[in-house]
Amino acid sequence: MAKKVVATLKTKDNGKAFAKIIKAVKSPKTGAYTFKEEMVPVDEVQAALKS
């Protein structure tokens with residue numbers, strides 16, 4: 001399960017748009033879920049969600 005939050009972190013002229021990805025990761029030791037946050041370019045979102 002992943003949640004995608006789109007943030008506009010770009011400059012006025014030629015900046016790149018980024019997305020903040022929040023993944024729920026289950027700990028193998030305790031079984032509890034933790035959240036891993038990651039900033040990736042918008043065009044690489046699908047690749048980041050698959051990993």
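This note goes through the fold, the hairpin, the core and the surface of the chain.

1. Basis. This is a predicted model: local features need pLDDT of at least 70, side-chain atom pairs count only at pLDDT 80 or more, and totals for chains, interfaces and linings use all residues. Residues are numbered from 1 along each chain as its sequence is written, and side-chain values use heavy atoms, with hydrogens and water left out.

2. Fold. The chain has 1 helix and 3 strands. Read from the N terminus, the order is β-β-β-α. Helices (H or I, at least four residues) and strands (E, at least two) are DSSP runs, numbered from the N terminus.

3. Strand 2 (residues 18–26) and strand 3 (residues 33–41) run antiparallel, joined by 9 bridges. Strands count as paired if DSSP finds at least two bridges between them. A19 has V40 in strand 3 as its bridge partner. The two strands form a hairpin, with 6 residues between them. In the turn, G31 has a positive phi of about 85°.

4. Core. A19, I21, V40, V45 and A48 make up the largest nonpolar core. Such a core is a set of buried Ala, Val, Leu, Ile, Met, Phe, Trp, Tyr and Cys residues joined through side-chain atoms within 4.5 Å. Strand 2 and helix 1 (45–50) each give two or more residues to this core.

5. Burial and surface. Of the 51 residues, 16% are buried (under 20% relative accessible area, 1.4 Å probe, protein chains only). The accessible surface (Shrake-Rupley method, 1.4 Å probe) is about 4,300 Å², and carbon and sulfur atoms hold 56% of this surface.

Methods:
Buried < 20%, exposed > 50% of the residue type's maximum accessible area, 1.4 Å probe, protein only.
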